[in-house]
Amino acid sequence: MELFKKLSMVVFIAMCIQSCSMEQKAVVTVGVSLDPLRENNYVHEKGEWTVMIYMPADNDMEKAALKDLNEMEAADFDFEKNHVVALVDCNQYMEGYEGEWNGTRLYEVKKDKNGFHNRVVSLSVGCRDLGLSPKTESELDMSDPDVLRKFVSSVKRYYPAEHYAFVMWGECSGYSGNKSKARALAFDDSNLSYMSNKDFALSLQKGMGGKFEILAMDSCFGSEIELLTEFEKCADYFIGMEGLQKTDGWDYYTLFSAVGKECSDGKTFGEYLLKSQDNDNVALVDLSNVQVLCSEFDAFSKRLAESVHSKSMSKSIKAEILDSDFCFTAYESTVNPVYVDIKSLARKYDGLDLISCIEKTSVSKNQKYGGIGVFFCNLDDSKNEIQEIPQDYVKSNDGSNCTFVENSENYVFTKEKKGTLLDKLFGNYSSF
């Protein structure tokens with residue numbers, strides 16, 4: 001009898017140890033206690049949707065990132081049929097608050113039974129490809145294209161689905177090339193770095209091994225023709241802003257409450273996102289039509305450039321455009337790019353064919369605009385035009401600038417000052 005009691009006690013202790021191991025819970029050092037953890041990931045059952053969210057918040061956007069995670073967790077969302085996986089990088093120099101941590105974490109987003117709650121309750125997951133363990137704090141450079149590629153390929157492997165969506169969350173400055181002063185997205189303050197649009201697009205393609213049904217950008221200046229030209233091989237549809245995005249970003253509670261219910265493909269996902277957001281500058285773009293749009297825009301640029309016969313006419317047109325209500329910019333630094341709504345530009349200068357093409361390509365929530373912009377010039381912080389021509393917007397024919405710039409024949413600046421639209425409007429032309 002005494003032996004039986006001892007054996008029973010051993011079995012009980014072993015069961016307790018195994019139970020603790022299965023729950024895989026540990027104390028996290030910063031802000032959150034008893035976070036649910038999974039050290040080694042596994043291949044899940046195939047779901048309806050897998051939504052990948054890339055959140056480089058190692059900058060002044062950190063608190064907004066955690067707030068958006070809380071919105072996702074509160075959504076009326078079926079986490080059994082669908083997966084939302086977020087790679088989140090926080091800023092180690094920010095002041096802490098409940099739910100914050102230092103470094104980079106991979107989260108499998110889970111339901112918060114308490115609704116919207118200022119604390120991340122999702123499952124922190126390990127990722128061998130990225131060298132992440134939920135038991136230790138790690139710092140990844142999320143502006144590194146290889147980090148993005150590994151994130152995409154790893155999530156696709158572990159969370160198979162019928163439909164895939166990708167959300168690029170955070171700051172974006174619009175167009176970029178590979179020049180030293182070019183800026184784009186995925187700003188990382190710890191590493192003082194960022195990612196070009198071209199590298200971003202290539203990493204998505206390599207990681208996915210195909211196309212997403214929809215690529216979404218929760219940022220400013222995402223819906224520009226320069227970016228869309230890079231993105232056309234990454235996804236079927238794109239949704240984003242041609243102007244400024246509100247600081248608090250998208251309404252993820254409303255969006256994810258619809259995913260899996262009303263969203264049957266990339267187009268319907270985008271349509272629901274379009275109507276669920278309160279920002280008028282958001283647009284849904286059919287990326288399969290981007291090449292046609294680029295060709296039509298180039299033809300329009302040629303006609304408009306050929307109509308400019310003098311310096312006074314050039315100065316007048318430039319002033320008209322900059323004084324219009326269809327220019328978008330933000331005055332936050334010494335160099336502020338200005339973007340022009342292409343449909344509004346075409347409407348002002350008799351581009352009927354271009355207007356028709358945009359209407360086939362893009363659906364804008366704000367009917368006043370077409371939802372797709374293009375770079376026009378740089379202004380300083382006093383709203384004055386910067387005279388120096390941006391070198392990453394000069395056609396070089398060597399592949400060093402973004403695809404749109406390299407392919408454009410009649411819009412962008414040229415070394416030869418041959419008389420493109422921007423050559424004539426900004427003094428890079430001497431044959432008047």
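The dialogue below turns to salt bridges and then to one serine.

Mentor: Please keep in mind that this is a predicted model.

Trainee: What can side chains of opposite charge do when their charged atoms come close?

Mentor: Such side chains can pair. In this structure the count comes to 13 salt bridges.

Trainee: How far apart are the closest N and O atoms in the salt bridge of K110 with E108?

Mentor: The separation is 2.7 Å for K110 and E108. E108 is buried, because its relative accessibility of 3% falls under 20%. K110, at 26% relative accessibility, is partly exposed.

Trainee: Which residues are linked with E108 in a network of salt bridges?

Mentor: R38 and K110 join E108 in that network.

Trainee: How many residues apart in helix α3 are K150 and D146?

Mentor: They are 4 residues apart within helix α3, which spans residues 145-158, so about one helical turn separates them.

Trainee: Where in the chain are the partners K368 and D325, which meet in a salt bridge?

Mentor: The N to O distance in that salt bridge is 2.4 Å. The pair links distant parts of the chain, the two residues being 43 residues apart. K368 belongs to the loop between β15 and β16 (373-379), whereas D325 belongs to the loop between α9 (311-322) and β13 (327-328).

Trainee: Are K368 and D325 buried or partly exposed?

Mentor: K368 is partly exposed, with a relative accessible area of 43%. D325 is likewise partly exposed, at 45%.

Trainee: Let us now consider a single residue. In which strand is S364?

Mentor: S364 is in strand β15, made up of residues 362-364. Its relative accessible area is 6%, and S364 is therefore buried.

Trainee: Which residues is S364 in contact with, leaving aside its neighbours within four places in sequence?

Mentor: With those neighbours left aside, S364 is in contact with D280, V282 and A283, and also with Y369, G370 and G371.

Trainee: Which backbone oxygen lies 3.1 Å from a polar atom of the side chain of S364?

Mentor: That oxygen belongs to N366.

Key:
Residues are numbered from 1 along each chain as its sequence is written. This is a predicted model: local features need pLDDT of at least 70, side-chain atom pairs count only at pLDDT 80 or more; totals for chains, interfaces and linings use all residues. Side-chain values use heavy atoms; hydrogens and water are left out. Buried means under 20% relative accessible area, exposed over 50%, partly exposed in between (1.4 Å probe, protein chains only). A polar contact is a pair of N or O atoms within 3.5 Å; within protein, one must be able to donate a hydrogen and the other to accept it, and residues adjacent in sequence count only if both atoms are side-chain atoms. Contact means heavy atoms within 4.5 Å. A salt bridge is a side-chain nitrogen of Lys or Arg within 4 Å of a carboxyl oxygen of Asp or Glu.
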